[in-house]
Amino acid sequence: MRKVISTLCLLSGSLFLSGCDDDNNDNTSTLAASLQQEGTTSLQAVHASADAPRANVIINGNPVLEGVDYAQGSGYLAVPAGLNTVQVDVALPGNSTATVVPETIVDLSPDLRYTAFVVGDADGSPNAVEPLIVTRPAIGQANSQTLDVQVVHAASGVGDVNLYVSTPGVALSTLTAIDTLAFKDATTVLNIPAGDYQIRLETVSGGIVAFDSGPVTLAANSELTVAAVPRADSNPASPVKLLILDGSGSSVIFDNREPAETRVGHLIDGAPNVDVYANSGVINGLTDVAFKTISPYLELTAGSYDLEVFATGTNTNAFITANGVALNGGIDYSVFAVGTPNSPEALVVEDNRRAVATSAVLNVTHAAANPIAASVDVYLTANASITGETPALEDFAFKQTVSGIYVPAGDYFVTVTVANDPSTIAINAVPITLTNGAVYQATAIDDSAGSGFNLIAEAITD
């Protein structure tokens, strides 16, 4: 078991939150210079604390990462070798921030590349938030036929694991573990042939497969950091997911056994009760679904689905047809029937259900098709009056969703008006109570036989 960890003075005892957009999005263009540039070193930052809020990272007085979320990594930033200053601010409700790492000096070597993780739990259980710095040589060995990979155990609450990287389909019982990793351990940098692999983690206690990537392709000339981070929800297949850092951004690999957690809502005022079919078969639990009903999250096998909605008791002349709907394993979805009885359609929303310890999280969807409220303003206020208040969301259009709004815990009223017209109220002062560490979904719908509107407010914390 090899531990490759060093703690820098600027990080000790502080909340170091950092990262970048997922799916290889990169917010570091101003610093994405050549990694071999003379007089520089390389630093990439990773947000691996599942219940911590988004953050901004400031290096040498310049904001280089903004709004970075959990399970995201920046790719390498080219920064001067030697003395640098680093500051980290975290997002608070509203547009405010708090500095959690004051501007502090750190000395970085040009001979190393640095990956700075924030690990642990913002609520302190089971591990307090702390920094984890993993290093590797600045010059790697990857070439046209090989790649370099370093694996990090950054999943708080997950015990020691055996790491296996093999040809896909090889029985685990025939393999020898590459390494055994405890929380905050990392392997050395491994140089391996490019090709197809299967990455598995087995718990030391009990010998259970805690993660199985299935077949994945690892490309030549790659310099990868692969981090196991907490799954951050109740998905039963695995307690972790793999964050893949390729030096320019990040992406996520979920356990190949994970389903897509999906719920279905009937939000069409005036439409009959319905049965919901997927790939020509009725979905268990989705028969005789009434208007304003939103199902619990159901586990569906990941894949592409042809969805059909029929009036209850029929299976011809589909009310709604949506072909080729991709439901990916490890992702949570809401599939809403929206529109009018004469113009129905399916609205597929990828749900944010990650709670943060420091605030409530609010998601809002506009699912009311009445053209009177085609675009609305949404108010979140401490009392029922919106006089003199500023909307929390402005010009919010039909079928639009916004997620991840941080709100202080407390009692509120949600009011919806026609956009730019606070005197024309669509939904009047619906009370809602929000608590820290919970995620809420507010969905505006048509109601009252097309003559009014309503709001469905619910907790969807995973």
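Okay, quick housekeeping. Residues are numbered from 1 along each chain as its sequence is written. As the model is predicted, local features need pLDDT of at least 70 and side-chain atom pairs count only at pLDDT 80 or more, while totals for chains, interfaces and linings use all residues, and side-chain values use heavy atoms, with hydrogens and water left out.

Let's start with the sheet. Strands here are DSSP runs of E, at least two residues, numbered from the N terminus, and two strands pair if DSSP finds at least two bridges between them. In general, strands of a sheet pair through backbone hydrogen bonds, either parallel or antiparallel. Ours is an open sheet of four strands, ordered 30-29-32-33, with antiparallel pairing. Which strands stand at the edges? Strand 30 (393–397) and strand 33 (421–434) do; each has a single partner strand, so one side of each is left without a neighbour in the sheet. Look at strand 29 (residues 375–381) and strand 32 (residues 410–418): six bridges join them. There, Val376 stands opposite Val418 in strand 32.

Now hop over to Thr115, in strand 8 (residues 112–119). Among the residues Thr115 touches are Tyr76, Leu132 and Thr225, where contact means heavy atoms within 4.5 Å.

That's it from me, thanks!

Methods:
Lists of a residue's contacts leave out its neighbours within four places in sequence.
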